Amino acid sequence: MKELVFSGFGGQGVLTAGLVVSQMAIDSDKEVTWMPAYGPTMRGGTAHSVVKFSDSIIGSPNMEEIDILVAMNGPSVDAYSSLVKEGGYIIVNSDIVPENQVYPENVNILKVPCITLASRVSNPKGGNLVAIGAMIKKCGLFEKDEALCSMNRFFMDKGKDKFRELNTAAFESGYSI
């Protein structure tokens, strides 16, 4: 089983990131759970989503032992990094998380300038997709082409196919890290 947590401020797309990766797992014939949580203010408050996927039935959607944490801000690192299992990964939005951020010693850290890379491809709201692209490459959860296809179909099903090129560019910029 894989357990992923996407965390950040409301408006950074962490709930959507969890849904996108859930779609990737579903398309790979996995059992999947997705559980969102957000504070009282949608934009600017805290938000996170927990995604679990497995070849077998998943007992609980609750956060237990994180394989991969995608932290879009410093408070997310503070709140969840201690729950990342030894040898796990923390993908960090280095545009917001301070350079002097403290991390557990037994995990892998990948610093990704999510906002910078998204802005370079004219998709300033695509930082979450940049993080997903970097995560897919670094952690090898899914094949790149299959992940991209699942992501694009997810947005098409939401009526947002007009952003396909921008979303693909954001994903690719993270994948190129």
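**View 1. The largest nonpolar core of this predicted model, which has 37 residues.** Within this core, Met24 and Met135 are the residues with the most contacts, and helix α4 supplies the largest share of the core, 8 residues. Apart from it lies another core, of 13 residues, which includes Val50, Ile66, Tyr80 and Tyr103.

**View 2. The surroundings of Met24.** When neighbours within four places in sequence are left aside, Met24 is in contact with Ile132, Ile136, Phe142, Ala147, Ser150, Met151 and Phe171.

**View 3. Helix α5, residues 144–157.** From its first C-alpha to its last, this helix of 14 residues reaches 20 Å, which is close to the 20 Å expected at 1.5 Å a residue. Just after α5, Gly159 takes a positive phi of about 80 degrees.

**View 4. Ser81 in the loop between α2 (74–80) and β5 (84–93).** Because its relative accessibility is 8%, Ser81 counts as buried, the cut-off for that term being under 20%. With its neighbours within four places in sequence left aside, Ser81 is in contact with Leu69, Ser76, Ile90 and Pro104.

Notes: Residues numbered from 1 in each chain as written. Predicted model: local features only at pLDDT ≥ 70, side-chain atom pairs only at ≥ 80, totals over all residues. Heavy atoms only, no water. Helix = DSSP H or I, 4+ residues; strand = E, 2+ residues; numbered from the N terminus. Buried < 20%, exposed > 50% of the residue type's maximum accessible area, 1.4 Å probe, protein only. Contact = heavy atoms within 4.5 Å. Expected span 1.5 Å × (residues − 1). Core = buried A, V, L, I, M, F, W, Y, C linked by side-chain atoms within 4.5 Å.
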